[in-house]
Amino acid sequence: MSYLEIACKAAKEAGRMIRSRAGGELAAEEKSSSFDVVTEFDKKAEQLIRASILEAYPDHAFLGEEETYHSSRPLHEVLEAAVDVPFLWIVDPIDGTTNFVHGIPGFTVSIGLACKGELVLGVVYDPSRDELFWAEQGKGAYLNGNPIKVSAAEHAAECVIATGFMPAYRELNIPSLASFGKQFRGIRVLGSAALHMAYVACGRLGAFWQYGLNAWDLAGGVVLVREAGGMVTDIGGGEFGLSVQHIICSNGKVHPAMISCLKQNVQ
Ligand code: 2AM
Ligand code: CA
Ligand code: CA
Ligand code: CA
């Protein structure tokens with residue numbers, strides 16, 4: 001099986017497993033705070049994906065959100081070293097754990113593959129809607145087998161956009177809502193960064209921005225957005241890299257409007 005087939009299969013298996021448990025009697029354990037929770041299913045899904053990938057490719061490296069939490073090696077060090085790693089799989093087993101715990105649709109499985117620090121493949125699976133998004137560098141982006149493209153909207157007023165709130169950046173992000181709200185058609189907070197990126201890729205959203213994300217939140221979505229004809233940069237319009245935490249994804253056309261709204265926010 002190809003890398004893409006393995007990633008799609010693992011995402012679907014993990015997604016089906018978690019779908020049956022969403023909103024049920026889940027023991028949500030607090031990680032850093034009550035805003036940061038994990039369940040046994042985040043861990044089980046990650047183990048399932050890890051096992052599928054490493055069984056197929058035993059010499060590949062693996063970075064999962066939940067195992068990283070217990071690792072003594074700082075994340076920035078792992079990401080800086082990624083340029084020398086031929087194959088690094090970056091996995092968020094449940095992106096949108098808060099949705100999952102509360103039984104709200106919009107939690108996803110996100111899998112990305114980086115070769116020497118560059119993302120080359122991304123898969124995002126939304127089990128609630130049975131939507132599988134995938135993309136491979138140079139080969140286009142797809143939703144359940146059909147090619148997808150970013151929105152053709154030229155102007156902010158034609159676009160619905162989305163964001164998310166990391167607790168540490170809540171104060172910083174709230175003022176920007178006013179300037180986005182004046183220019184764009186609507187703002188959504190769906191609760192999964194990977195889902196937001198998949199929705200930018202298929203044109204449902206015109207753009208997405210968020211402060212404070214980590215590589216596993218983004219790894220599945222970056223190639224999707226790029227292959228669908230969109231743009232991924234840092235919050236100032238600078239180049240994306242695995243260590244970038246403040247992000248803008250868009251259809252490209254409204255990227256300047258996004259940057260300008262966020263600049264107003266910082267001033
Ligand atoms: P997670 O569910 O995998 O933790 C929601 O704003 C987005 O931010 C999700 O992609 C979510 O990923 C991520 N996120 C990470 N840590 C978070 C936290 N402590 N609180 C809220 N969202 C968090
Ligand atoms: Ca988390
Ligand atoms: Ca996440
Ligand atoms: Ca997660």
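Here are a few friendly notes on this predicted model, from the overall fold to one calcium site.

1. Starting with the fold, the protein carries 9 helices and 14 strands. Its radius of gyration is 17 Å, close to the 18 Å that the globule rule gives for 267 residues, so the protein is as compact as a globular protein of that length. If you are setting up a box, the C-alpha atoms fill roughly 50 × 40 × 35 Å along the principal axes.

2. Taking contacts between residues at least 6 apart in sequence, 67% of them join residues at least 24 apart.

3. The accessible surface comes to about 11500 Å², and carbon and sulfur atoms account for 51% of that area.

4. The calcium ion (ligand 4) deserves a look of its own. Its donors are Glu65 (OE), Asp92 (OD) and Ile94 (O), at 2.2 to 2.3 Å. Along the chain, these donors follow the spacing E-x26-D-x1-I.

5. Are Asp92 and Ile94 buried or exposed? Asp92 has 1% relative accessibility and therefore counts as buried, the cut-off being under 20%. Ile94 is buried too, with a relative accessible area of 1%.

6. Which residue coordinates both the calcium ion (ligand 4) and the calcium ion (ligand 2)? That is Glu65, and the two ions are 3.8 Å apart.

Terms used
Residues numbered from 1 in each chain as written. Chains lettered and ligands numbered in written order. Predicted model: local features only at pLDDT ≥ 70, side-chain atom pairs only at ≥ 80, totals over all residues. Heavy atoms only, no water. Helix = DSSP H or I, 4+ residues; strand = E, 2+ residues; numbered from the N terminus. Rg over C-alpha atoms; globule rule 2.2 N^0.38 Å. Contact = heavy atoms within 4.5 Å. Areas by Shrake-Rupley, 256 points an atom, 1.4 Å probe, with all protein chains shown as cover. Donors = N, O, S within 2.8 Å, 3.2 Å for Na, K, Ca; no water. Buried < 20%, exposed > 50% of the residue type's maximum accessible area, 1.4 Å probe, protein only.
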